Amino acid sequence: MDTKKHSKMAWLWENMKGYRVIYAIGILGTIVYNVMQLTVPYFTQQIVDLFLTGEDAATNIVTKRDLFFQLVIAMVGFTFLRTLIVYLVCMDVEHVSQKVLYRVRTHLFDKIERQDMQFYNTYRTGDLMTRVTGDLDAVRHMIAWVIRSIVESFSLLVATAAYFIYMDWRLALAILAIAPFIMIVIVLFRNQVAPRHKELREKLSLLNTAAQENISGNRVVKAFAREEYEINKFDKCSIEFSKTNKKTALTWITFFPYIETFANLMPIVLLVVGGLFIINGQLTMGEYVAFSGLIWAVQNPMRMLGNIMNEFQRFSAASDKVMEIYYSEPKIVDKEDAVDMPNRFAGKVEFKNVSFQYEDGNLPVLHNISFVANPGETVAIMGETGCGKTSMIQLIPRFYEPTEGEVLVDGVNVCDMKLGQLRKNIGLATQDVLLYSDTIDGNIAYGDSSLTKEEVEKFAKYSAAAKFITRMPEGYDTIVGERGVGLSGGQKQRISLARALAVKPAILILDDTTSAVDMETEKQIQHSLKELDFPCTKLIIAQRISTTKFADKILIIQDGRITESGTHDELVAKKGYYYNLVQLQTGETMEGGEA
Ligand code: DUT
Ligand code: MG
């Protein structure tokens, strides 16, 4: 993920495509309304010199009455116009910032959605959530406020400086001589505050992660009565965040007095130097009033710089995080010369000397796995927990790629196929069942939204779910998932099975999908899996002999290696691991029966 190559401002500019012109107009407007600030002191100066303190003030007020009113009306008119421009500029930059926010957010979500499994092992949900919410808002704030404030400060400063120099360059230089000192303080401040913002960003991410994990894992917290512990843990994160926030704010407070002192020196210089100039007759009273009426226009930008710098550093820390995802590329993608397969696969699955290790794991998980599942066959996979069953079947839809060897489907290496084509041909019921907050109907038809109601019901029947669904008050329209009605583990598994079947896959992979259903229901499911009305190769991970007994082939995995393979009868005859398993499971039932 090469964020380094892309500069933040170039990245921002890139995402402003289509809105650059109207943003530029907004920035131009910012310059205009700031330069317009000078008109008020200009008119004041005219009025003071002509009608208040000038030599002919008394006559002027009689003879040039019209000019007096014109000046006053112009002053009021300009103020209104200026307010209108400020309003339009704010609307303009806010509009652009929202458009860019939307664009980047969509892009980020798109990126996150298309990432590999490995990505989800690396990034925590809370951290990703921070990136698409808080961090993105800092980016929006940059467009809507920071850039505009920088332009505002500089245009006001430059315009005032120019006007000062036009009125009296010596007095102007005396006042502006203080500016470089303020700049030095600002640079020192920036060096101190930049790491604070990075730290703040990390702490926020930890806080969000803690909140997210606690909310989604609340059942576990409750089961172990660990509420107190978790509240304390969260509190610690919260205190850390708040401390860092304070530290960041304090950084500004330590620099603020210097800036304030320098800024307040400006009117003093004006008073002393300007006073001397008036006494010497080098400056008119009107000019003095204009100077003093505008001194804030030099002070304010200086004072604002600290705040701007703060916000800029916040943007800087946040955009690093956003850009990391923005430019991230999944490693598992279609090759350029990917093989174009027929829409429906025959369903032959073959592992050839496959070894596999997780990128973040330090030990190989699979060693030299070879087997073939012919179209239409049922292959059962058994083995102790942690032996690598789930890892193995995840190589078929290419969630991960083998470190050695090949996984072939219909004779083609899955790495050479188009991901979309490959995955459309696979129906997968994962070990951890996740149902969406949607109706049961919507969940079953997740992979194929064109499914009719009758078809959904048919697949629910296949997976022995129809009965309990129809018993629910709203049947197939019952909302399930996080905010929906509670379902038992076995009920969820059956909906997940129906969802996998509903895509009528050429290859069906069930990862421990019937572990939570009773024997009777399982028998029904097995029966309907045999009677499916579409051709389908089945790979079934299971722990029960009753599930695997009728498979065409049973693979026993131990420590990532296939140690036994064959039919039920062959493996029983072998008197190895499988035989022991049979003894254990049937023995248990018998003992249970005798007792
Ligand atoms: N493993 C990782 N990273 C992962 C997933 C698993 O390092 O993202 C390790 C843990 C384990 C090994 O791989 O030591 C095999 O895990 P797998 O999930 O394949 O085991 P299983 O056979 O499916 O176990 P179970 O029956 O408990 O589902
Ligand atoms: Mg598993």
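Okay, let's start with Asn353, which is partly exposed at 45% relative accessibility. By that I mean it falls between buried, under 20% relative accessible area, and exposed, over 50%, using a 1.4 Å probe and protein chains only. Asn353 sits in strand S1, residues 349-356. Helices (H or I, at least four residues) and strands (E, at least two) are DSSP runs, numbered from the N terminus. The phi of Asn353 is near 45 degrees, a positive value in a residue that isn't glycine.

Quick ground rules. This is a predicted model, where local features need pLDDT of at least 70 and side-chain atom pairs count only at pLDDT 80 or more, while totals for chains, interfaces and linings use all residues. Residues are numbered from 1 along each chain as its sequence is written, chains are lettered from A and ligands numbered from 1 in the order in which they are written, and side-chain values use heavy atoms, with hydrogens and water left out.

Asp559 also has a positive phi, about 50 degrees, without being a glycine. You'll find Asp559 in the loop between strand S11 (553-558) and strand S12 (561-566), and it's exposed, with a relative accessible area of 66%.

Now, ligand 1. Which residues are around ligand 1? Among them are Asn121, Tyr358, Val365, Gln543 and Lys389; to be near, a residue needs a heavy atom within 4 Å. That shell splits into 3 nonpolar, 8 polar and 1 charged. Here Ala, Val, Leu, Ile, Met, Phe, Trp, Tyr, Cys and Pro are nonpolar, Asp, Glu, Lys and Arg are charged, and the others, Gly among them, are polar. Helix H13 (residues 389-393) gives the largest share of the shell, 3 residues.

On to polar contacts, meaning here pairs of N or O atoms within 3.5 Å. An oxygen of ligand 1 is 2.7 Å from a side-chain N or O atom of Lys389, and a polar side-chain atom of Gln431 is 2.6 Å from a ligand 1 oxygen.

Last stop: what coordinates the magnesium ion, ligand 2? Thr390, through OG1, and Gln431, through OE1, at 1.9 to 2.2 Å. Donors are N, O and S atoms within 2.8 Å of the metal (3.2 Å for Na, K and Ca), and water is not among the atoms, so sites may look incomplete. The pair links distant parts of the chain, 41 residues apart: Thr390 is in helix H13, and Gln431 is in the loop between strand S6 (426-429) and strand S7 (438-439). Thr390 is partly exposed at 24%, and Gln431 is partly exposed at 39%.

Notes
A polar contact is a pair of N or O atoms within 3.5 Å; within protein, one must be able to donate a hydrogen and the other to accept it, and residues adjacent in sequence count only if both atoms are side-chain atoms.
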